[in-house]
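Here is a friendly walk through one protein chain, for a reader who likes to look closely. Please keep the viewer open as you read.

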Amino acid sequence: MVFFCVLFLLTSGCVHQSSKNKTPKSPIQSDSLEQVKIVAEQAWKLEFSEDFSEVDVGAEPENIFILDGEYTVQKERDDNKCLTLPGTPMGDFGLLFGPREREKPLELNFAFFATKKGRRMPSIAASIGGVRGYRLRLNPAARNIVLSMHETVLKQLSFAWEGDQWWRIRFQAIPVASKKATRLQFKLWPKAQNEPKEWFLREEFDIEYMGGKCALWGFPYSSTPILFDDIAVLSN
């Protein structure tokens with residue numbers, strides 16, 4: 001089954017939506033997530049979204065479970081609110097959120113901002129299916145992206161990251177009905193640019209589909225803050 005999603009690139013702003021009953025907000029090309037429009041063989045459903053605009057500065061969002069780290073909502077230089085992980089202490093700090101969907105295809109969609117300091121570079125990771133699910137990790141220092149599950153590497157791809165700008169990531173996990181396999185696909189691009197038409201990776205793996213909650217991690221190895229924004233989880 002082939003699923004095709006078209007989303008319009010969000011260039012700025014953070015408008016809060018933590019309720020499923022509100023109009024879906026687009027993580028891509030407008031000032032809010034309210035104009036998300038998804039075209040697919042079967043419509044994707046917005047299960048969770050958060051852009052932190054209605055969370056008090058200095059507070060932790062109530063609909064996100066912080067596994068570790070001093071994540072709080074802070075304002076950017078243009079007064080937009082985003083979830084911020086401070087540059088110190090150094091370590092791996094995670095978040096857990098979204099529905100516990102076990103059988104439906106899922107997409108994790110979010111934006112992040114990070115910077116390097118000298119030769120030190122940060123890292124971020126995202127997963128579908130809980131903290132031990134399908135994990136996508138961007139390693140700027142190693143110039144690669146690693147896709148793994150249960151600490152087993154499934155794929156490693158070369159990628160040259162550039163900091164000091166917002167990036168978007170779309171990460172999907174889709175069960176393959178005809179066999180016990182999972183199709184994993186993702187794309188990432190600078191937020192100021194148009195979303196690429198092609199997936200950076202689109203491949204089936206001989207692993208039984210595992211859904212569940214989604215997670216994000218920040219690794220502030222450069223001792224500079226890591227920001228997350230416009231988080232959305234969709235199902236199909």
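## Loops, sheet and surface

Asp79 is exposed, with a relative accessible area of 52%; here buried means under 20% relative accessible area, exposed over 50%, and partly exposed in between (1.4 Å probe, protein chains only). This is a predicted model, in which local features need pLDDT of at least 70 and side-chain atom pairs count only at pLDDT 80 or more, while totals for chains, interfaces and linings use all residues. Residues are numbered from 1 along each chain as its sequence is written, and side-chain values use heavy atoms, with hydrogens and water left out.

Let us stay with Asp79 for a moment. Asp79 sits in the loop between strand S3 (72–75) and S4, and its phi is near 75 degrees, a positive value in a residue other than glycine. Asp164 also has a positive phi, of about 60 degrees, although it is not a glycine. Its loop runs between strand S10 (152–158) and strand S11 (165–176), and Asp164 counts as exposed at 55% relative accessibility. The peptide bond from Thr88 to Pro89 is cis, with omega near 0 degrees.

The table gathers some accessibility values.

| Residue | Relative accessible area | Class |
|---|---|---|
| Val131 | 39% | partly exposed |
| Lys75 | 49% | partly exposed |
| Cys82 | 0% | buried |
| Cys214 | 1% | buried |

How many disulfides does the chain have? The count comes to zero, where a disulfide is a pair of cysteine sulfur atoms within 2.5 Å.

Now for the overall fold. The chain has zero helices and 15 strands; helices (H or I, at least four residues) and strands (E, at least two) are DSSP runs, numbered from the N terminus. Seven strands form an open sheet with antiparallel pairing, in the order S2-S5-S14-S7-S8-S9-S10. Its edge strands are strand S2 (65–66) and S10, each of which pairs on one side only. Two strands pair if DSSP finds at least two bridges between them, and two bridges join the antiparallel S2 and S5. Phe65 has Leu96 in S5 as its bridge partner.

Phe65 also takes part in a nonpolar surface patch. Together with Leu67 and Val131, Phe65 makes a patch of about 270 Å². Like charges are joined within 9 Å, and nonpolar side chains (Val, Leu, Ile, Met, Phe, Trp, Tyr) within 5 Å. Accessible areas come from the Shrake-Rupley method with a 1.4 Å probe; for residues, only the protein chains shown count as cover. Val131 itself lies in the loop between strand S7 (123–128) and strand S8 (134–139).

Which residues does Lys75 touch, not counting residues up to four places away in sequence? Lys75, which is found in strand S3, touches Val57, Asn80 and Lys81, contact meaning heavy atoms within 4.5 Å. Lys75 and Phe52 are 23 residues apart in sequence and 9.9 Å apart in space, C-alpha to C-alpha.

Finally, the chain totals. Of the 236 residues, 57% count as buried. The chain exposes about 10900 Å², and carbon and sulfur atoms supply 47% of it.

Note on methods. Patch = residues over 30% accessible without salt bridge, like charges linked within 9 Å, V, L, I, M, F, W, Y side chains within 5 Å. Salt bridge = Lys/Arg side-chain N within 4 Å of Asp/Glu carboxyl O.
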